[in-house]
Each structure stands twice: as structure tokens, then as C-alpha cells.
Amino acid sequence: MSYKTKKKIFFLLEDIKNLNKNEKLSIFDWKSYELGLTKKEQKERKKIEKFYNDTITRITEYYVYNGKIIKIIDRNVVIDIGFKAEGIISLNEFREYKKKTKVNDIIEVIVEKIDYKGQCIISYNKAKKIIYWESIQKSFIKNEKIIFFVIARTKGGLIVILFGIECFLPGSQIDIKPVKDFDFFVGKIIEGKVVKINNKTKNVVVSHKILIEKKLEKSKKKLISILEKGQVLRGIVKNLTHYGSFIDVGGGIDGLCHITDISWERIEHPSEKLEIGQIMNFVILSIDNTKNRLQLGLKQLQSHPWNSLEKKIKTGEIVKGTVTVITDYGAFVEIFPGVEGLVHVSEMSWAQQLRSAQYFVKIGDKIKVLILNYSNSEKKMSLSMKRLTHDPWENIEKKYKLGSIHIGTVKRFNKIGVRLELEAGIEGLLYTSDISWIKKLKKSSEIYKKGDLVKVIVLGLDVITRRLNLGCKQLIPNPWEKIKKESTLGRINTGQIIKILKKGVIVKFNNIIIGAFAPIRFFKTLKLIKNKINLIEFKILEYNKKLKIIYVSNPEIIRKKEK
């Protein structure tokens, strides 16, 4: 830095010091220093700035403003929105609207943005869309009735114009009845309401059906208020379902005739008695004033079949019927149209053990039954199948005497034994404890299977409770009694190893059918066991008749131990 430059800087700093020698640097008015204005001049400047700001409109982007057309130049329209610069809109934006643009016309526009030059980018079409969308939302919130114009048909409905925006009118919302020809509505003006708005996708759904339904609801209430329970109406069968039929009784009112109210006899589907389009009389069973619904009946117009039943049947008479329903406790049999009786499962077979009704009959079976009794007032009837056959338990004492031997067929297993059928309708119980003298069985299914023929002896008979106790082991002498006579402790018997266990072997003596247990410690080597010598001597070490246990050993091993 040269000497002259340093000198200039020095004098400049001195001038600043002299200027601010009575003022602090923090409160120094740099703006007045830079502009060179006095305090009076600054006040006047502030007044001018305020007047300027008040006269200039502040513009917000994407806000709708009222603008005035001041010029129409070639293909553009100049709009004044009160900003320091005018906006320009192309005449193409006004083609969709019939009204011609003129100078001094006030129109609504939207400011999209202000460019770097301060020029306003405005739009007439976008402003209209915002206004129309707000109008649609207001009508939806207020649930107002609106008018829209149908411009075209589309898949599943119609395209309509509402406030200049395309909306969708579904085919199901055109009329209360199904519409087949959508083209009929194109080009027509229809009334309706906005029923759904999607703000994200800007989709609008309208409905014309909603207005028709409201009119129908008013007429329905008037008509239903006149109707009474028990009144007979003429109606048309409109629809058939698995639970009943819908009947059109006029005035937009549909009544339901339940499947149980169509006929006195049991039917599986209303189509068995009714057809769509059929005109018939129905009686009003109940009226729902809140939901404007009717419960109708058809069978109530006919006499109940039970009223003339006394002329047709008598107690103790045999009749034919059809199985209509099967339950766990029995089966319902229809003997006349609308007249059913119950065959209890206990009246299906003479067998004492009750089974499910499905074991004896199936739905649709034609069977003969005996009328036990019936009540006309309660509409109930008891029937029997088994009483059409001979009771096998009559004089059973002569055929199944105590100690008599018979052959039975294995039918079922239970916890205490197995049930054997000796003949049709007669079953006996063979307890597990009465199957074998020797084997200790936990379940009877360990030795028998269904269908096996078993030779048994009658141990007990109770005619009143219809119980028959059978035995199998009693057909042979008790081998434990034989052991008591022929065997004693320490006696040596000749036997054979018939089964090898982990802790020993099972030995069967030639003269005794009971097997004895020999612990493995009484054998010198396993070769003797594995070879299964046909005959070998064993010595009885322990015998317990109550516990039915016999312990034996090889006498050769004991002799060697004693030596």
C-alpha cells in the first residue's frame, strides 16, 4: 500500500470519528447516513411508502380474484386484477363458454404464479374448476337436489356434467328397477344428488335413484298406515330364495312370505309351490312400520290339515309315511300333507342300546309306522317302527337260560367290555374280566374285532331292564384251581419258553395252560434263552393265586449256586 493511499484512509477515519464523537456506534442510524436524509425527510418517506403499499394489491398464488377485462388484443385478453402489472389470458380459455367476452366484463381468474419479471400468470378455466368443485362440495354437504346433463354412456353407467365437471352416474343409481338401455338417457337432463366425493382423485358419484326412493318411502308410509294385520292382499311373486319368496303388493311395497308360511307340508324350496310372476292372494301376518316391511302368509288361507285328522286316522293304526327330517333323538315322518309324527330312536328297534336315527332310516325313505298317540291341539304325534315286529324279549327266559351256550357277533366296544348280538333285537354284554382266565386284558379290542363270532355262556338275565350278561372264560375250567392241586412250591415241572422279555421269559408247562415268569438272572447264559429249548425243567419259586402270579427258575442254576 502506497503512502498516499494510507493517508486518505487515515483522514476518512478521522472524519467518521468527528461525526460520531457524541453518539454510540450501536445506536448510529446507518440508513440516514447512507441515504443522506434528515429525520424530517425520513418521516415523509415513510408516509409515501405507506400510501404506495395501500394502493397496491398483494397477490396470493392459487387464489381466485375478480378481474376486469380492459383490452382484447388479437387472441389474448388483458385482465386487471388490481396488481401493478396486468395479466393476459388466451381467448381459447373462453371457447367452452357461450357468453362472449367484452371489455369491462368482470370475470373470476386464478393467479397461478408471478414470474421473475413481475408478470402475473393467470387462468380463467382453472378458476372456474375451483369454483365448480366448491359448489359440488357444498351441495354434497347440504344434501341438496341438483340437475345434471348426461353427455355419454360408459361401462357400468353414465357420464354427466355437473357445474362443468364430469361425474359418474352408476347404472344401479339410475332407477329403482334395473336399466337395460343406457343410451336412452344420453342427452337428457336428470335430477339427483351427490352421494360420494373423492377429494384425492377428484371423482364424483351422483344418483337419481335416491330421489325416487324418497318419494317411494313417503308413499309406502301412507299405504302401510292403511294396512292391517290379517288383511288379504293380492300380490305378484317377484323373487324366490332358499328362505322364502318376495311378493310385490303394489305401491312399491314388497312383502316376504317365509318358506314355512307357504305350505302346511314341509318343502325344501319355495319353487315347489310358487313361480315368478304368479298372482295369488296373501294374508298379512305382521307389519313393520319403521322399516316399511310386511310379513305375508299363504298357507294361513287354507284350513289346517290337523283339523280333519280325526276322520282319517286312529290310534293303533298302521300307516305309510315319508321320512322328512332326521335328528339325534329320532325321525319325523309325514303321513299326510302337513301332518308329521315323530318316531323316537327308542321306537326304532327292540335293542336296548340306543343309536342314532341315521342308523335306521334316511331322508326320503317310505316306511310303515304304528300310530301310538296324537294330540290335535298340540299338533304332535308319536309313531313307532319296532312295534310292527315281534318283541324278541318275550319269553326270553326259555331260550336264554342261565348256563346256556350261544354264538354272538361282535358289534361294539366300550370301556367295560364288548357288546355281542345274539339275534336281531337281543344283545348281551361280555365284560373284559370274563374273557380269559389267563390274559390280563385292558381292553376287549385287544383280542376281538367287529364282526367276530364268539362262543359265550349266559351268566345273567334281567327281563325288566333287558340286560343280558355273557361270559367266555367260564366255558373252560379255571386253570388256577388246577395249579392248586397239582403244583406246590419247590416242585420241578417240565416246560417250554414261549416268549422272551427284557427282564426274563414266559414259560408254559406241558400240563398247565398258565404261563409262568422266569427272571433272566436265573439263567447262566442267554444262549439257553435264544435257542428256545423245546423242553426244560423249571422250579416253582413263588405262587400267588389272588394276584395270579407264578415265578419259576431253572433248577440247574440254583443247584450250582447252592454248591
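Trainee: Is Lys-379 buried, partly exposed or exposed?

Mentor: Keep in mind that this is a predicted model. Lys-379 comes out at 34%, so it counts as partly exposed. You'll find Lys-379 in the loop between strand E19 (366–375) and E20.

Trainee: What about the phi of Lys-379?

Mentor: General idea first: most residues other than glycine have a negative phi. Lys-379 isn't a glycine, yet its phi is positive, about 60 degrees. Asn-143 does this too, with a positive phi of about 60 degrees and no glycine there either. Look for Asn-143 in the loop between helix H4 (125–142) and strand E6 (146–154). Asn-143 is partly exposed, at 39% relative accessible area.

Trainee: Let's turn to the strands. In what order do the 5 strands with E16 close into a barrel?

Mentor: Strands of a sheet pair through backbone hydrogen bonds, either parallel or antiparallel. Here the order is E16-E17-E18-E20-E19, and the pairing is mixed. On average, neighbouring strands of this sheet are turned by 55 degrees against each other, ignoring direction. Zoom in on E16 and E17: they pair in the antiparallel sense over 4 bridges. One place to look is Val-323, whose bridge partner in E17 is Val-333.

Trainee: Which strands make up the closed barrel that includes E21?

Mentor: That closed barrel has 5 strands and runs E21-E22-E23-E25-E24, with mixed pairing. Its twist averages 55 degrees from one strand to the next. Within it, E22 (residues 417–423) and E23 (residues 426–431) run antiparallel and are joined by 6 bridges.

Trainee: How much space lies in the largest pocket, and which residues lie nearest its centre?

Mentor: The space is about 610 Å³. The lining takes in 28 residues, and those nearest the centre are Trp-264, Glu-265, Arg-266, Thr-324 and Glu-340. Strands E16 (318–326), E17 (330–336), E18 (339–344) and E20 (380–384) are the elements that give two or more residues to that lining. E18 gives the largest share, with 4 residues.

Trainee: Now the rings. How many aromatic pairs are there in the whole structure?

Mentor: A search finds 3. One of them is Phe-184 with Phe-185, with centres 5.3 Å apart and 85 degrees between the planes. To read that angle, remember that planes over 60 degrees apart count as edge-to-face. Phe-184 and Phe-185 therefore form an edge-to-face pair.

Trainee: Why is the pair of Tyr-359 and Phe-360 called edge-to-face?

Mentor: Because the planes of Tyr-359 and Phe-360 stand at 80 degrees, with the ring centres 5.2 Å apart. Check the accessibility as well: Tyr-359 counts as exposed at 53%, while Phe-360 counts as partly exposed at 27%. Back in the other pair, Phe-185 is buried, with a relative accessible area of 17%.

Trainee: Which rings have a lysine over them?

Mentor: Go back to Phe-184: Lys-188 lies over its face, 3.3 Å from the ring centre. Then look at Phe-336, where the charged end of Lys-312 sits over the ring, 5.3 Å from its centre.

Note on methods:
Residues numbered from 1 in each chain as written. Predicted model: local features only at pLDDT ≥ 70, side-chain atom pairs only at ≥ 80, totals over all residues. Heavy atoms only, no water. Phe/Tyr/Trp six-rings, centres within 6.5 Å; stacked < 30°, edge-to-face > 60°. Buried < 20%, exposed > 50% of the residue type's maximum accessible area, 1.4 Å probe, protein only. Lys NZ or Arg CZ within 6 Å of the ring centre and 35° of its normal. Pairing = 2+ DSSP bridges. Axes fitted to C-alpha atoms, helices over the stretch in contact; angles between N-to-C directions. 1 Å grid on protein atoms, 1.4 Å probe; cavity = no way out; pocket = protein on both sides within 12 Å on 5 of 7 lines; lining within 4 Å. Points joined across faces, edges and corners; volume = space filled by probe spheres on them.
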